[in-house]
Amino acid sequence: MNGKEKILITGGLGNLGSWLSIFFSDTYDVYVLSKNISISLESSYTLIQADITNIDEVNLKLDLEFDYCIHTASYNEYFHENYAKDALLINSLGTRNLVEVLKNKNLKNFIYISTFHVYGSSSGFIREDTNLYPVNDYASTHLFAEYYLKQFYKTDNFPFVIFRLTNSYGSPKSIKSTKWYLVLNDLVKSAYENNKIILKSNGKSKRDFIWMGDVCSVIEESLHMAPDMENIYNLSSGMTYSILDLANKVREVYNKRYNKNIDISVNQDDRMIYPELTVDNSKLGQFISMKFNNKLYDEIEKIFNLLEKN
């Protein structure tokens with residue numbers, strides 16, 4: 001026995017999950033649960049292949065005691081056939097299946113990565129008590145999962161912390177990542193492969209972007225939060241950028257890296273005016289110390305490195 005606490009990371013080979021798996025591997029005994037095992041990480045972990053929509057399989061595979069679980073496994077491939085059904089099965093029922101199995105394992109805490117999209121707002125000042133009006137399947141199914149956690153807290157005293165995450169960014173840990181459609185990844189990939197950036201909108205919509213390294217640090221601090229029905233927090237950085245801002249940063253890195261200029265084209269027919277959006281994180285700041293870093297240029301460079309390497 002190495003004396004390390006055991007931490008289960010679902011979706012631990014995914015976009016954010018891979019960052020978490022590597023981050024925690026030095027100080028915890030990391031177990032990665034994943035349905036897709038085509039990706040391997042350069043860190044120490046035990047791989048558990050399982051489909052969280054199958055409770056019998058989850059029960060069979062999770063035959064260990066864990067100290068913590070970080071649940072990042074989710075489905076947002078809205079462009080796939082049968083997306084609505086699969087999102088419900090994975091994001092909602094999959095979460096319930098995990099909790100059903102883990103509730104009997106003396107878990108110290110269950111960290112759930114939800115989304116700020118549960119508010120359904122694209123403008124204004126959003127706090128945790130802002131009304132919840134999800135407008136897509138991704139948001140609705142995550143909100144349903146939040147309700148499951150509240151349910152099991154009431155019936156089984158199951159501890160949880162819910163983070164309503166904004167837009168996390170960071171270079172994929174593998175070229176085999178399925179998340180190349182995420183905005184920063186997509187912009188860099190477009191520049192690298194096409195020598196130009198084409199935006200489908202006018203690029204003026206603004207979003208809060210948070211570095212995945214900071215997300216990992218916040219989650220580490222949250223592991224020891226005391227059980228409470230109100231452990232629901234916005235996880236945002238307070239740093240807001242438009243899509244055009246990001247495109248310009250990608251172009252700047254590209255120009256210096258390859259010593260040539262590329263064009264950015266926007267959709268001139270998009271006359272949409274995008275209002276300001278603030279996702280407030282002050283509630284979380286009352287419980288843990290938070291320091292957020294701007295790593296956009298660093299991560300853009302790393303994404304270019306990954307594309308060149310492969």
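Predicted model: local features only at pLDDT ≥ 70, side-chain atom pairs only at ≥ 80, totals over all residues.
1. **Overall count.** The model contains 16 salt bridges.

2. **Lys-35 and Asp-51.** These two side chains form a salt bridge, with an N to O distance of 3.8 Å. Lys-35 sits in the loop between strand E2 (29–34) and strand E3 (46–49), and Asp-51 sits in the loop between E3 and helix H2 (55–61). The pair therefore ties together parts that are 16 residues apart in sequence. Lys-35 is exposed, at 60% relative accessible area. Asp-51 is buried, at 18%; the cut-off for buried is under 20%.

3. **Arg-127 and Asp-129.** A salt bridge links Asp-129 to Arg-127, and their closest N and O atoms are 2.6 Å apart. Asp-129 counts as exposed, with 52% relative accessibility. Arg-127 is partly exposed, at 40%.

4. **Glu-252 and Lys-256.** Here the closest N and O atoms of the salt bridge are 3.6 Å apart. Both residues belong to helix H7 (residues 243–258). They are 4 residues apart, so about one helical turn separates them. An α-helix has 3.6 residues a turn, so residues three or four places apart point the same way. Side chains of opposite charge can pair when their charged atoms come close. Lys-256 is exposed, with 67% relative accessibility. Glu-252 is partly exposed, at 33%.

5. **Helix H9, span.** H9 covers residues 296–309, 14 residues in total. From first C-alpha to last, H9 reaches 20 Å. That is close to the 20 Å expected at 1.5 Å a residue.

6. **Helix H9, buried face.** Which residues of H9 are buried? They are Leu-296, Glu-299, Ile-300, Ile-303, Phe-304, Leu-306 and Leu-307. Viewed down the helix axis, the buried residues fall within an arc of 160°, so they line one face of H9. Glu-299 is on the buried list and deserves a look when checking this face.

7. **Helix H9, packing partners.** What do the buried residues of H9 pack against? The helices are H1 (15–24), H5 (183–194) and H7. The strands are E8 (167–169), E10 (206–211) and E12 (240–242). H7 is also the helix that holds Lys-256 and Glu-252.

Methods. Residues numbered from 1 in each chain as written. Heavy atoms only, no water. Salt bridge = Lys/Arg side-chain N within 4 Å of Asp/Glu carboxyl O. Helix = DSSP H or I, 4+ residues; strand = E, 2+ residues; numbered from the N terminus. Buried < 20%, exposed > 50% of the residue type's maximum accessible area, 1.4 Å probe, protein only. Expected span 1.5 Å × (residues − 1). Arc of directions from axis to C-beta. Contact = heavy atoms within 4.5 Å.
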